[in-house]
Amino acid sequence: MLLKILKNSALIILWLSLLNLSAAYAEGFQCEVMSIEGSAFVTNSEMTHQPIKEGDILKVNDLIEVGADSSVDIAYDRDWQNVARLEESSKIEIKNIFPTMLKMSYGGIYAKLKSLPKDSTFEVATPTAIAV
């Protein structure tokens, strides 16, 4: 009985340690607007629709709309090692920051991922496919 309790306790401690490790990775991740060319807007969870500016921090459930002849570059870490360009005439919702999950209704994304943590993913869902 005591052995079973110790084993279960060890499993719980290991599980909590892994959660803390994931939280530490996630802490370094954010979604910052690096640059914008042309026009783009964000609609947030409070349904506020406003122009995107350099330095803005985007959040989960933000909806980004990039205008014609426009683009938005966003970084997913503080060192700008993992970046994505949201191309003209795109509509993209941020579903999760870490691991990254974007939902693209239409448009295009170009991502350059230099330094994703080992067990992380960068996922883009479209109406017809999911790219990981």
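Which side chain does D56 meet in a salt bridge? The partner is K53, at 3.5 Å from N to O. This structure is a predicted model, where local features need pLDDT of at least 70, side-chain atom pairs count only at pLDDT 80 or more, and totals for chains, interfaces and linings use all residues. Residues are numbered from 1 along each chain as its sequence is written, and side-chain values use heavy atoms, with hydrogens and water left out. The chain holds an open sheet of five strands and an open sheet of seven strands.

**Confidence**

- The pLDDT is the predictor's confidence in each residue, from 0 to 100.
- The chain averages a pLDDT of 81, and 79% of the residues score at least 70.
- Among the elements of the chain, strand 5 (residues 63-66) has the highest mean pLDDT, 98. Helix 1 (residues 2-27) has the lowest, 40.
- Over residues 2-26 the pLDDT is below 50. Beyond near neighbours in sequence, this stretch has four contacts in the model. A contact means heavy atoms within 4.5 Å.
- Where pLDDT is low, the predicted coordinates should not be read in detail.

- Helices (H or I, at least four residues) and strands (E, at least two) are DSSP runs, numbered from the N terminus.
- Two strands pair if DSSP finds at least two bridges between them.
- Strands of a sheet pair through backbone hydrogen bonds, either parallel or antiparallel.
- In this sheet the order is 4-1-6-7-10, and the pairing is antiparallel.
- Strand 4 (57-58) and strand 10 (109-113) each have a single partner strand, so one side of each is left without a neighbour in the sheet.
- Strand 1 (residues 29-37) pairs with strand 4 over two bridges. Here E32 stands opposite I57.
- Strand 6 (residues 71-77) and strand 7 are joined by four bridges. I74 in this pairing stands opposite A84 of strand 7.
- Strands 6 and 7 also form a hairpin, with four residues between them. In the turn, W80 has a positive phi of about 60 degrees.
- Strand 7 and strand 10 run antiparallel and share five bridges. R85 has Y110 of strand 10 as its bridge partner.
- Strand 7 (residues 82-86) is mostly covered, with four of its five residues buried. Buried means under 20% relative accessible area, exposed over 50%, and partly exposed in between (1.4 Å probe, protein chains only).

- The order is 3-2-5-8-9-11-12, and the pairing is mixed.
- Strand 3 (49-51) and strand 12 (130-131) are the edge strands, each pairing on one side only.
- Strand 2 (residues 40-43) and strand 3 pair in the antiparallel sense over three bridges. T43 has H49 as its bridge partner in strand 3.

**Salt bridges**

- A salt bridge is a side-chain nitrogen of Lys or Arg within 4 Å of a carboxyl oxygen of Asp or Glu. A search of the whole structure finds three.
- One of them joins D56 and K53. D56 is buried, with a relative accessible area of 17%.
- D73 forms another with R85, and the closest N and O atoms are 2.7 Å apart. This pair links distant parts of the chain: D73 lies in strand 6 and R85 in strand 7, 12 residues apart.
- D73 is buried at 14% relative accessible area. R85 counts as partly exposed at 37%.
- K95 forms a salt bridge with E93, with the closest N and O atoms 3.5 Å apart. K95 is partly exposed at 34% relative accessibility, whereas E93 is buried at 18%.

**An aromatic pair**

- Rings of Phe, Tyr and Trp (its six-membered ring) pair if their centres lie within 6.5 Å; planes under 30 degrees apart count as stacked, over 60 as edge-to-face and the rest as tilted.
- The count by this rule is one aromatic pair.
- The ring centres of Y76 and F122 are 5.4 Å apart and their planes stand at 85 degrees, so the pair is edge-to-face.
- Y76 sits in strand 6 and F122 in strand 11, 46 residues apart, so the pair links distant parts of the chain.
- Both Y76 and F122 are buried.

**A buried loop residue**

- S120 is found in the loop between strand 10 and strand 11 (122-125).
- S120 is buried, with a relative accessible area of 14%.
- Not counting residues up to four places away in sequence, S120 touches F98 and P99.
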